[in-house]
Amino acid sequence: MASTPVGHPRTRVHVVSDVHGNARDLARAGDGADALVCLGDLVLFLDYADHARGIFPDLFGVENADRIVELRTARRFEEARAFGARLWAGIGTDRAAAIEKAVRKQYAEMFAAFPAPTYATYGNVDMPALWPEYAGPGTTVLDGERVEIGGRVFGFVGGGLRTPMRTPYEISDEEYAAKIEAVGEVDVLCTHIPPEVPELVYDTVARRFERGSRALLDAIRRTRPRYALFGHVHQPLVGRMRVGATECVNVGHFASSGRPWVLEW
């Protein structure tokens, strides 16, 4: 475990994940904190709780959003992809350009809402190539990197692992493990996805296991950070549990709660 210097003033950090378009609450998420930590998924492509919200219904309407959610929830991913392809063909526009335009609009709003200082990493639905254009001087973007906040070392690893959903920032297990290795020993390990523990990766509403990281779990057991913080699973079976010496915490689905998780020392 990384050491923490003594004698520092009390520090309060607010942590959010899975913001998914909630810029209104994001603008207040840092109130009273020394820093805000964001664990990704700023983009709202499709809200599974409200099918009228997001890029998909804006382009194709709520009825088609209802259908795509139905197919994905039933894990009929090939049918969902074929259905989506027919919709794109029907509107006769360049898919990548249309999505990027919509994402840029959301990023302009999201990054403007970040307080200073903010330390952020990517989620699996984010588009990392666009972040440098929107991250202001008060926002530090980290991926496979470390930073000190209030005398404690925070490590950040963004993105998700490959799934049938094929979201924008999914990478190989090997690439993800290399970023975990690059972070090394830290006090607080911040990732978008959870470690591969069944109770932490199971979504009780979607009724499926999301992908967690075995490399992350191994690193937690080996390096023993004080905390491992993550999001990704919106309605987890278990939101908090210990793995050895480490408190593993799903910081919550900020898009619906509007409340940050608080870490204070």
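The paragraphs below lead through this predicted model, from the whole chain down to single residues.

Because the model is predicted, local features are described only where pLDDT is at least 70, and side-chain atom pairs count only at pLDDT 80 or more, while totals for chains, interfaces and linings use all residues. Residues are numbered from 1 along each chain as its sequence is written, and side-chain values use heavy atoms, with hydrogens and water left out.

We begin with the chain as a whole. It holds 10 helices and 15 strands, where helices (H or I, at least four residues) and strands (E, at least two) are DSSP runs numbered from the N terminus. A compact globule of 265 residues would have a radius of gyration near 18 Å, and the chain has 18 Å, which agrees; this radius is taken over C-alpha atoms, and the globule rule is 2.2 Å times the number of residues to the power 0.38. Along its principal axes, the C-alpha trace spans about 65 × 35 × 30 Å.

How much of the chain counts as buried? The share is 51% of the 265 residues, with buried meaning under 20% relative accessible area, exposed over 50%, and partly exposed in between (1.4 Å probe, protein chains only). The chain exposes about 11,900 Å², and carbon and sulfur atoms supply 50% of that area, as computed by the Shrake-Rupley method with a 1.4 Å probe, where for residues only the protein chains shown count as cover. Among contacts (heavy atoms within 4.5 Å) between residues at least 6 apart in sequence, 59% join residues at least 24 apart.

Next comes the interior. In soluble globular proteins, nonpolar side chains tend to be buried together. A nonpolar core is here a set of buried Ala, Val, Leu, Ile, Met, Phe, Trp, Tyr and Cys residues joined through side-chain atoms within 4.5 Å. The largest core of this chain has 56 residues, of which Val-16, Val-19, Leu-26, Leu-42, Tyr-107 and Tyr-176 touch the most other members. Helix α5 gives the most to this core, with 7 residues. Apart from it lies another core, of 20 residues, which includes Leu-39, Val-147, Tyr-227 and Leu-229.

Phe-156 is placed in strand β6 (residues 152–157) and counts as buried because its relative accessible area is 0%. Leaving aside neighbours within four places in sequence, Phe-156 is in contact with a list of residues including Val-37, Tyr-119, Leu-142, Val-147, Val-183 and Cys-190. Lys-179 lies in helix α7 (residues 173–183) and, at 11% relative accessibility, also counts as buried; beyond residues up to four places away in sequence, Lys-179 touches Asp-143, Gly-144, Val-157, Gly-158, Tyr-169 and Ile-171. Asp-66, by contrast, is found in helix α3 (residues 62–73) and counts as partly exposed because its relative accessibility is 34%.

The backbone also deserves a careful look. Most residues other than glycine have a negative phi, and most peptide bonds are trans. Which residue has a positive phi of about 55° although it is not a glycine? This residue is Asp-18, placed in the loop between β1 (12–16) and α1 (23–26) and buried, with a relative accessible area of 1%. Asp-41, in the loop between β2 (35–38) and α2 (55–60), has a phi near 60°, again a positive value in a residue other than glycine, and Asp-41 is buried with a relative accessible area of 3%. The peptide bond from Ala-116 to Pro-117 is cis, with omega near 0°, and Pro-117 belongs to the loop between α5 (95–113) and β3 (118–120).

Gly-258 is found in the loop between α10 (254–257) and β15 (261–264) and counts as buried because its relative accessible area is 16%. Leaving aside neighbours within four places in sequence, Gly-258 is in contact with Asn-22 and Asp-25. The C-alpha atoms of Gly-258 and Asp-47 are separated by 15 Å, although these residues are 211 residues apart along the chain.
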